[in-house]
Amino acid sequence: MAENRAEKTLQILRKTFTLPKRVTSNRNPFETLIVTIISQNTADRNTAKAFGKLSKRFKITPEVLANAQISQIEECLKVAGLYRNKAKTIKQTSKIILNKFLGDLKPILSLPFEEARKTLLQLPGVGPKTADVVLLFCAQKPTIPVDTHVNRVSKRLGLAPIEGDYEAVRESLQALYNPKDYLMLHILLILLGRNYCKANNPLCNQCPVNTLCPSKHILDNND
Ligand code: SF4
C-alpha cells in the first residue's frame with residue numbers, strides 16, 4: 001500500500017534528520033518571497049550570499065526595494081545568477097505589493113488557500129513553487145512546495161508519478177500525507193535529496209529509506 005510506505009518513509013526520515021530550528025518558526029512573508037525569487041535556479045549557498053548582501057545594503061521591505069536603484073539591487077545579486085532579471089522582478093514585485101497591497105502581504109495570506117495562491121501567482125517572478133513556499137512557511141497553508149529535490153526524490157520513492165509535472169507531484173504527495181506533516185515532509189525530502197538521493201550518483205546503499213524505495217535496484221550500481 002502506497003499510504004503505508006509513505007508513512008513509514010516519513011517515520012524513518014524523522015528519526016534520521018534533525019530539522020533546522022528556523023523551520024519551526026513563522027517567517028517574514030516579504031523576506032521569504034524575496035529569498036525564494038533569488039533562489040530560482042541558484043544553489044543554496046549563493047542564494048544565502050546574495051540575500052545577505054541585499055539585506056546589508058537595504059532594509060528588506062516593499063517600500064525600500066520598490067524605490068531602490070535597480071543597479072544597486074543587481075550589484076547585490078550578482079553571485080546568484082540571472083541577477084538582472086531577478087533585480088528587475090524584485091523591484092516590480094515590491095512596487096505592486098506597495099501600491100496594490102499597501103506594502104503588506106499578510107492580508108493576502110489570510111485569504112482562503114486557493115485565493116491566496118492565485119493572488120500571489122499574479123505577482124511578477126512568483127511561480128507555483130515560490131507561492132507555495134510563502135504559503136506553507138509564512139501562513140501554515142496546506143501545500144507542499146515542489147523544488148528540484150522534492151521532485152526527484154518523491155518520484156524515485158514512488159510517491160509521485162514519474163512523468164508528473166509540478167501540480168501532479170504536489171497533489172500526489174498531499175494525498176498521501178496529513179496536512180500537519182506537509183512542512184516537515186517538504187524539509188525532510190530536501191534533506192534526503194541533499195544527503196543521499198543526489199541527482200547524480202545517489203547513495204542508495206547508505207540511504208535510510210532504501211528498503212522502501214522501488215528505485216534502489218535501478219540506481220544502486222552507482223553507490
Ligand atoms: S534508495 Fe536510492 S533512489 Fe531510493 S531514495 Fe534512497 S538514494 Fe534515492
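1. Is Ile97 buried or exposed? Ile97 is buried, because 23 other C-beta atoms lie within 10 Å. The cut-offs are these: 20 or more other C-beta atoms within 10 Å of a residue's own make it buried, 12 or fewer make it exposed, and in between it is partly exposed, with C-beta atoms placed from the backbone.

2. This is a predicted model, where local features need pLDDT of at least 70, side-chain atom pairs count only at pLDDT 80 or more, and totals for chains, interfaces and linings use all residues. Residues are numbered from 1 along each chain as its sequence is written.

3. Confidence comes next. pLDDT is the predictor's confidence in each residue, from 0 to 100. The chain averages 93, and 95% of the residues score at least 70. Where pLDDT is low, the predicted coordinates should not be read in detail.

4. Back to Ile97. This residue sits in helix H6 (residues 83-100); helices are DSSP runs of H or I with at least four residues, numbered from the N terminus. Leaving aside neighbours within four places in sequence, Ile97 is in contact with Pro62, Gly103 and Leu105. Contact means C-beta atoms, placed from the backbone, within 7 Å. Thr61 is 36 residues from Ile97 in sequence, and their C-alpha atoms are 9.8 Å apart.

5. Look at helix H3 (residues 44-57). Its buried residues are Thr47, Ala50, Phe51 and Leu54. Seen down the axis, they fall within an arc of 95 degrees, so they line one face of H3. The arc is taken from the directions from the helix axis to the C-beta atoms. Arg45, Gly52 and Lys56 are exposed on the other side of H3. Helix H2 (29-39) and helix H5 (70-77) are among what covers the buried residues.

6. Helix H12 (residues 182-195) buries Tyr182, Leu185, His186, Leu188, Leu189, Leu192 and Gly193. Their cover includes helix H1 (2-16), helix H9 (128-139), H10 and H11.

7. Now the ligand. Of the 15 residues around it, Cys197, Pro202, Cys204, Cys207 and Cys213 come nearest. Helix H10 (148-156) and helix H13 (216-219) each give two or more residues to this shell. A residue counts as near if its C-beta atom, placed from the backbone, lies within 6 Å. The shell divides into eleven nonpolar, two polar and two charged residues. Here Ala, Val, Leu, Ile, Met, Phe, Trp, Tyr, Cys and Pro are nonpolar, Asp, Glu, Lys and Arg charged, and the others, Gly among them, polar.

How values were computed. Contact = placed C-beta atoms within 7 Å.
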